[in-house]
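Look at the fold below before reading on.

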Amino acid sequence: ILASALALAVTGGAALAVEMVGVPGSSVQFVSVMETTSGGKTLKLDLTGTAMRSRLILNVYAIGSYLQQGTKAKTAEEVIAADCIKRLHLVMERTVE
């Protein structure tokens, strides 16, 4: 999974009223663009992909990957190498005990 290989600089942020993108096999939806603050500046992040982590027949979590707007990345390697603000948004599908 692309998202599992990312090392990210995560900052606080708020979602904007924008298009929602669903995750196949889940009811989870991620915003296509979100805002975050870094170094006192407000930045926009674009959704670059979504995925569902399953174990056996159970969905474990949905994940959305975000990169700073204007960053071009098409592969996992390009996402990891990108010198920009990144964020992973993880939504648990099950209660973890």
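Start with Arg-94. Apart from neighbours within four places in sequence, Arg-94 is in contact (heavy atoms within 4.5 Å) with Leu-58, Asn-59 and Val-60. Arg-94 sits in the segment after β7 (86-92). Arg-94 counts as partly exposed, at 43% relative accessibility. The scale is this: buried means under 20% relative accessible area, exposed over 50%, and partly exposed in between, with a 1.4 Å probe and protein chains only.

This is a predicted model: local features need pLDDT of at least 70, side-chain atom pairs count only at pLDDT 80 or more, and totals for chains, interfaces and linings use all residues. Residues are numbered from 1 along each chain as its sequence is written, and side-chain values use heavy atoms, with hydrogens and water left out.

How far can the model be trusted? The pLDDT is the predictor's confidence in each residue, from 0 to 100. The protein chain averages 82, and 80% of the residues score at least 70. Among the elements, β3 has the highest mean pLDDT (95) and strand β1 (residues 13-15) the lowest (46). Over residues 1-16 the pLDDT is below 50, yet this stretch has 42 contacts in the model beyond near neighbours in sequence. Where pLDDT is low, the predicted coordinates should not be read in detail.

Now the layout. The protein chain has 7 strands and 1 helix. Helices (H or I, at least four residues) and strands (E, at least two) are DSSP runs, numbered from the N terminus. Along the sequence, the pattern reads β-β-β-β-β-β-α-β. Of the contacts with a separation of 6 or more, 50% join residues 24 or more positions apart.

Which residues make up the largest nonpolar core? There are 12 in all: Val-23, Val-28, Phe-30, Val-31, Met-34, Leu-43, Leu-45, Leu-47, Met-52, Ala-62, Tyr-66 and Ile-85. Such a core is a set of buried Ala, Val, Leu, Ile, Met, Phe, Trp, Tyr and Cys residues joined through side-chain atoms within 4.5 Å. The elements giving two or more residues to this core are β3 (29-31), β5 (41-55) and β6. The largest share, 4 residues, comes from β5. Across the protein chain of 97 residues, 29% count as buried.

Other buried residues follow. Ser-32 lies in the loop between β3 and β4 (33-38). Ser-32 is buried, with a relative accessible area of 18%. Beyond four places in sequence, Ser-32 is in contact with Val-18, Glu-19, Val-21, Leu-45, Asp-46, Leu-47 and Tyr-66. Leu-45 also comes up beside Lys-86: these two are 41 residues apart in sequence and 7.6 Å apart in space, C-alpha to C-alpha. Lys-86 belongs to strand β7. At 5% relative accessibility, Lys-86 is buried. Val-79 is in helix α1 (residues 76-81). Val-79 counts as buried too, at 2% relative accessibility.

Turn to the surface. The accessible surface of the protein chain comes to about 6100 Å², and 52% of it belongs to carbon and sulfur atoms. Accessible areas come from the Shrake-Rupley method with a 1.4 Å probe; for residues, only the protein chains shown count as cover. Leu-56, Ile-57 and Leu-58 form a nonpolar surface patch, with about 400 Å² of accessible area together. Patches take residues with over 30% relative accessible area and no salt bridge; like charges are joined within 9 Å, and nonpolar side chains (Val, Leu, Ile, Met, Phe, Trp, Tyr) within 5 Å. A salt bridge is a side-chain nitrogen of Lys or Arg within 4 Å of a carboxyl oxygen of Asp or Glu.

Leu-58 lies in strand β6 (residues 58-68). Leu-58 is partly exposed, at 38% relative accessible area. Leu-56 is in the loop between β5 and β6. Leu-56 is exposed, with a relative accessible area of 85%. Its backbone also stands out: Leu-56 has a positive phi of about 60° although it is not a glycine. Most residues other than glycine have a negative phi.
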